[in-house]
Amino acid sequence: MTAASDITFPAREDIPVRFLPGSPIAQRCYLVDGELRQWDGPRQEVYSPIFLRTTAGPQPVLLGSYPLLSAGEALAALDAACRAFDHGRGDWPTMTIEERIRHLERFTYRLKEKRDEIVTLLMWEIGKSLGGAEKEFDRTVDYIQETIGALKDLDRASSRFVTEQGVIAQIRRAPLGVVLCMGPFNYPLNETFATLIPALIMGNTVVFKPPKLGVILHAPLLEAFRDCFPPGVINTVYGHGREIVSPLMQSGRIDVLAFIGTSRVADMLKSQHPKPHRLRSVLGLEAKNAAIVLADADLELAVRECLSGSLAFNGQRCTALKMLYVHRRVAEDFLQRFTAAVENMKIGMPWEEGVVITPLPEAEKIDYLQALVEDAVARGGRVLNRGGGTVRHSLFVPAVVSPVSPQSRLYREEQFGPVVPVAVFDDLAEPLEYIVQSDYGQQVSLFGQDPDTLARLIDPLVNQVCRVNINSQCQRGPDIFPFTGRKDSAEGTLSVTDALRVFSIRTLVAAKDHALNQNLFTEIVRERKSKFLSTDFLF
Ligand code: G3H
């Protein structure tokens, strides 16, 4: 499909019943201190980016509504989290790891029961393809299981005493306190849980605010949160960030900010904390990952990887390729193949087989993308694919734009959508300088076949970004690999094992090595008097 005018939205009866959303979910409660509190105040209605064809023309679909809490309710949620942590004396932070794992396993069981409901909501609420939504859900369950496994390994390694220079010690990781968790709209389940789960399992308590889009899909989990964790360990808040998040930060009682979003919002939130040195931050922020296609690249492979790298889920991935740099010798051939591949991409509804381009969930995104394309064209660029940049309601036909002037906004701004800028280079210094001058430093993809050239590029680039992908698109996974970035792209490192570290701090019990202390340690361990000072092996 190559033009927006060819796109039709389905009528309700065209959609297979198993993909239809249920009746609108009117969420009237939020979870605080182990109870689902009723909310009678204002609520936010949530409409799907998917329109339905009706006799009155395409109509948006109402998915439900959620509470718009005010500062008072948000602070009550924070109070509950603080009480449950109780300065490290609460049941949850002092519980054995084995017991915490049991709570999490119960929750995972309940989560799995909600797979179909959540997958359907991922399609309708943020327009994610069926395959993408299923992958997001399954990856989240795998992530929880891998986290439990990694924690057992960590605990086993810490279940012994160390003797050094006449001092005996046991060194373990302890929780940090109250964590504010906020995930992004493009992975509302997975990237929320990528911080929520390690934060919880390390013994922290949590205030969780779902992203601005992808809120309703968390509603089916509220009861499971309530039933599987002790009161106050997890609390949920909903509403406008300025109303409910700012008071939380200003209170000074948030110990860790786990946020995936823009650096502008992250900076604002951090600056609101009265004692910034007390605040740990785990941030996943913007990126403008480049692909460099060298003159000897296998073009079929490069086109395939660049296509999926730049346009999977409409380019709405922080790891998406957001600038393609192609060597002049292969530029024409690359662009012809790439443009043809874009024109062949399936545009449609999330449940359709093979669909790649789906409705965009952010209402203001279409205008923003059109402005980026117009600006690039005004500065000498051309839209190369037929229909590129045309729009039908929430659907935006991907636009391949080339050349891209360094003066254009598209050259530097993170488009986070289906617009692919392609620049042509003669000298490798040009894309390298582009990366050096970028505000972002997440990943890069290199396409080529000569080991000498690739090695010469790898060495400077590993000091500019945090992952150099060879003949492969940029991506976060596998989740056991470290995921981070330099400059404005991240703070802290996430992966199954790294996340356990960022939500904890090393603490030790140490004693001069003499008979009194040896006997004390022996008795505490033998009689299982302490949960921290223990040599129990976690099977
Ligand atoms: O939005 C940014 C995500 O972390 C990208 O993750 O590479 O698995 O799509 P992904």
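In the largest nonpolar core, which counts 138 residues, the members that touch the most other members are Phe193, Phe225, Phe229, Phe334 and Phe338. Helix H5, running over residues 130-158, gives the most to this core, with ten residues. Like everything described here, this comes from a predicted model. Take phenylalanine 229 as an example: leaving aside neighbours within four places in sequence, phenylalanine 229 is in contact with Trp92, His103, Leu104, Phe107, Leu200 and Ile234.

Next comes the ligand. The residues around the ligand are Arg139, Asn186, Tyr187, Glu191, Arg317, Cys318, Thr319, Gln475, Arg476 and Phe483. Sorted by class, this shell holds four charged, three polar and three nonpolar residues. Side chains and backbone both turn up in the contacts with oxygen atoms of the ligand. An N or O atom in the side chain of arginine 139 sits 2.8 Å from a ligand oxygen, and for the side chain of threonine 319 the distance is 2.7 Å. With cysteine 318, a backbone N or O atom lies 2.6 Å from an oxygen atom of the ligand. On its own the ligand would expose 310 Å², and the protein buries 96% of that.

Methionine 123 is part of helix H4 (residues 115-126), and it counts as buried because its relative accessibility is 0%. Not counting residues up to four places away in sequence, methionine 123 touches Phe19, Ile50, Lys128, Ser129, Leu130, Ala133, Pro350 and Trp351. Aspartate 513 is 390 residues from methionine 123 in sequence, and their C-alpha atoms are 61 Å apart in space. Valine 356, in strand E16 (residues 355-357), has a relative accessibility of 25%, so it counts as partly exposed. Valine 356 and glycine 132 are 224 residues apart in sequence, with 9.5 Å between their C-alpha atoms. Leaving out neighbours within four places in sequence, the contacts of valine 356 are Leu311, Ala312, Phe313, Asn314, Met345 and Lys346.

What about helix H8, at residues 241-250? The buried residues of H8 are Ile244, Val245, Ser246, Pro247, Leu248 and Met249. Their cover includes helices H1 (71-85) and H9 (263-272), along with strands E8 (178-182), E9 (205-209) and E11 (256-260). Just after H8, glycine 252 takes a positive phi of about 75°.

A few other backbone spots deserve a look too. Going from serine 402 to proline 403, the peptide bond is cis, with omega near -10°; proline 403 belongs to the loop between strand E20 (399-402) and helix H13 (409-412). Another cis peptide bond, also with omega near -10°, runs from glycine 477 to proline 478. Proline 478 is placed in the loop between strand E24 (468-470) and strand E25 (486-487).

Then there are positive phi angles in residues other than glycine. Histidine 393 is not a glycine, yet its phi is positive, at about 50°. Histidine 393 lies in the loop that joins strand E18 (391-392) to strand E19 (395-396), and with a relative accessible area of 38% it is partly exposed. Lysine 487, not a glycine either, has a positive phi of about 45°. Lysine 487 is found in strand E25, and at 38% relative accessibility lysine 487 counts as partly exposed.

Notes: Residues are numbered from 1 along each chain as its sequence is written. This is a predicted model: local features need pLDDT of at least 70, side-chain atom pairs count only at pLDDT 80 or more; totals for chains, interfaces and linings use all residues. Side-chain values use heavy atoms; hydrogens and water are left out. A residue is near a molecule or strand if one of its heavy atoms lies within 4 Å of it. A polar contact is a pair of N or O atoms within 3.5 Å; within protein, one must be able to donate a hydrogen and the other to accept it, and residues adjacent in sequence count only if both atoms are side-chain atoms. Accessible areas come from the Shrake-Rupley method with a 1.4 Å probe; for residues, only the protein chains shown count as cover. Ala, Val, Leu, Ile, Met, Phe, Trp, Tyr, Cys and Pro count as nonpolar, Asp, Glu, Lys and Arg as charged, and the others, Gly among them, as polar. A nonpolar core is a set of buried Ala, Val, Leu, Ile, Met, Phe, Trp, Tyr and Cys residues joined through side-chain atoms within 4.5 Å. Buried means under 20% relative accessible area, exposed over 50%, partly exposed in between (1.4 Å probe, protein chains only). Helices (H or I, at least four residues) and strands (E, at least two) are DSSP runs, numbered from the N terminus. Contact means heavy atoms within 4.5 Å.
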